[in-house]
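Work through the exercises below with the model open beside you. Try each task before reading its solution.

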Amino acid sequence: PDRGNLTGRTVAELAFGPPKTEAGKRDVALPAFCVEELRQHRRRQANEYAVAGIRWSPDCLVCAGAAGQPIVPDGLTHELVRFRRRRGLAPIHVHLLRHAVATAMLEAGERLDVVAEHLGHKDTATTSGVYGYVRPEAKQAAAARLDTLWTQAAKSVPPDPDESSRQ
């Protein structure tokens with residue numbers, strides 16, 4: 001079910017409300033690996049709830065506390081910190097994951113309008129403004145692709161007959 005956005009800084013303040021903008025009301029296509037992870041999470045969650053004596057249903061929150069209650073946003077941030085420390089990963093903030101996905105999609109050649117829709121941006125100008133920077137590696141890769149295209153094109157052009165007669 002569509003509950004909208006969860007806002008609040010403490011459990012007492014938590015409330016579901018509509019997305020900030022109309023563009024926030026959208027379906028997001030998830031990659032297969034993510035869908036599988038969510039399915040596994042739901043199975044684990046259903047088992048944990050059963051052990052705790054809590055009735056689980058498909059309407060339960062994906063990210064929830066031990067009793068099924070919403071997790072305050074800072075709680076999710078703390079979980080991410082614990083997760084990355086256990087794995088020896090560099091510090092990262094939850095919102096940077098959004099930027100990483102958007103950047104990866106663009107660098108993989110995804111169309112700007114598709115990325116904008118995925119992120120819930122009203123238009124591509126927002127997406128371009130936030131993610132329009134080009135990493136040095138991407139510049140080098142673009143130069144290499146141009147080099148390949150130029151070389152292939154040069155091979156397919158027949159020799160100029162006037163050029164050979166001048167020699």
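**Exercise 1. Is the crossing of α3 and α4 right-handed or left-handed?**

Solution. This is a predicted model, in which local features need pLDDT of at least 70, side-chain atom pairs count only at pLDDT 80 or more, and totals for chains, interfaces and linings use all residues. Residues are numbered from 1 along each chain as its sequence is written, and side-chain values use heavy atoms, with hydrogens and water left out.

Step 1. Locate the helices: α3 spans residues 94-107 and α4 spans residues 112-119. Helices are DSSP runs (H or I, at least four residues) and strands likewise (E, at least two), numbered from the N terminus.

Step 2. Take the axes, which are lines fitted to C-alpha atoms, for helices over the stretch in contact. Those of α3 and α4 come within 10 Å and cross at roughly 160°. Angles run from 0 to 180 degrees between N-to-C directions.

Step 3. Name the arrangement. The helices α3 and α4 are therefore roughly antiparallel. Angles under 35 degrees count as roughly parallel, over 145 as roughly antiparallel, 65 to 115 as roughly perpendicular and the rest as oblique.

Step 4. Assign the hand. The crossing of α3 and α4 is right-handed. The near helix is turned clockwise from the far one by less than a right angle in a right-handed crossing, and anticlockwise in a left-handed one.

**Exercise 2. Which residues of α3 meet which residues of α4?**

Solution. Step 1. Apply the contact rule: heavy atoms within 4.5 Å. From α3 come Arg 98, Val 101, Ala 102, Met 105 and Leu 106. They meet Leu 112, Val 115, His 118 and Leu 119 of α4.

Step 2. Sort by class. The contact of α3 with α4 has seven nonpolar residues, one polar and one charged. Ala, Val, Leu, Ile, Met, Phe, Trp, Tyr, Cys and Pro count as nonpolar; Asp, Glu, Lys and Arg as charged; the others, Gly among them, as polar.

**Exercise 3. Which residues make up the largest nonpolar core?**

Solution. Step 1. A core is a set of buried Ala, Val, Leu, Ile, Met, Phe, Trp, Tyr and Cys residues joined through side-chain atoms within 4.5 Å. Buried means under 20% relative accessible area, exposed over 50%, partly exposed in between (1.4 Å probe, protein chains only).

Step 2. List the five members: Ala 102, Met 105, Val 115, Leu 119 and Tyr 131. The elements giving two or more residues to this core are α3 and α4.

Step 3. Look at Val 115. Leaving out residues up to four places away in sequence, Val 115 touches Ala 102, Met 105, Leu 106, Glu 110 and Thr 127.

**Exercise 4. At what angle do the axes of α4 and α5 cross?**

Solution. Step 1. The axes come within 9 Å and cross at roughly 95°. So α4 and α5 are roughly perpendicular.

Step 2. In this contact, Leu 112, Asp 113, Val 115, Ala 116 and Leu 119 of α4 meet Thr 124, Thr 127, Ser 128 and Tyr 131 of α5. Five of the residues are nonpolar, three polar and one charged.

**Exercise 5. Is Lys 122 buried or exposed?**

Solution. Step 1. Lys 122 sits in the loop between α4 and α5 (124-131).

Step 2. Its relative accessible area is 79%, so Lys 122 is exposed.

Step 3. Check the chain against space. Lys 122 and Thr 21 are 101 residues apart along the chain, with C-alpha atoms separated by 8.1 Å.
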